[in-house]
Amino acid sequence: MALLFFGTDPNSGGGNCPAVWVDTDTAQGPELVLQGKFADTDTRAACKQDSPPADDEGVIRIPVRMVEQIRKACDAAEAAGTQL
């Protein structure tokens, strides 16, 4: 596993979640790895209507203030994908 760290929520106050990485070493190509708070029951139920999660999936929340870090991670994942 080759995780590239892109940052945590600038308002987290302790360097904990939420956070974003890119795993550049997967058989399917680069993937985003996101850490966040589990979504509440109502949010999970609403999401399930559009896209029921598989047994190994979950719904998490990421604050919009992390868009810059996620955008950088997406750009890096795309760039790594072209090198595969």
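## Exercises on a predicted model

Of the 84 residues in the protein chain, 25% count as buried (buried is under 20% relative accessible area, exposed over 50%, partly exposed in between; 1.4 Å probe, protein chains only). The model is predicted: local features need pLDDT of at least 70, side-chain atom pairs count only at pLDDT 80 or more, and totals for chains, interfaces and linings use all residues. Residues are numbered from 1 along each chain as its sequence is written, and side-chain values use heavy atoms, with hydrogens and water left out.

**Exercise 1. Describe the fold of the protein chain.**

Step 1. Count the elements. The chain has two helices and five strands (DSSP runs numbered from the N terminus: helices are H or I, at least four residues; strands are E, at least two).

Step 2. Order them. Along the sequence the pattern reads β-β-β-β-α-β-α.

Step 3. The C-alpha trace spans about 40 × 30 × 20 Å along its principal axes.

**Exercise 2. Classify the aromatic pair.**

Step 1. The structure holds one aromatic pair. Its rings are those of F5 and W21, with centres 5.8 Å apart and planes at 55°, so the pair is tilted. The rule: rings of Phe, Tyr and Trp (its six-membered ring) pair if their centres lie within 6.5 Å; planes under 30 degrees apart are stacked, over 60 edge-to-face, the rest tilted.

Step 2. F5 lies in strand β1 (residues 3-8) and W21 in strand β2 (residues 19-23), so the pair ties together parts 16 residues apart in sequence.

Step 3. W21 counts as buried because its relative accessibility is 18%.

**Exercise 3. Is L32 buried, partly exposed or exposed, and which strand holds it?**

Step 1. L32 is found in strand β3 (residues 31-35).

Step 2. Its relative accessibility is 36%, so L32 counts as partly exposed.
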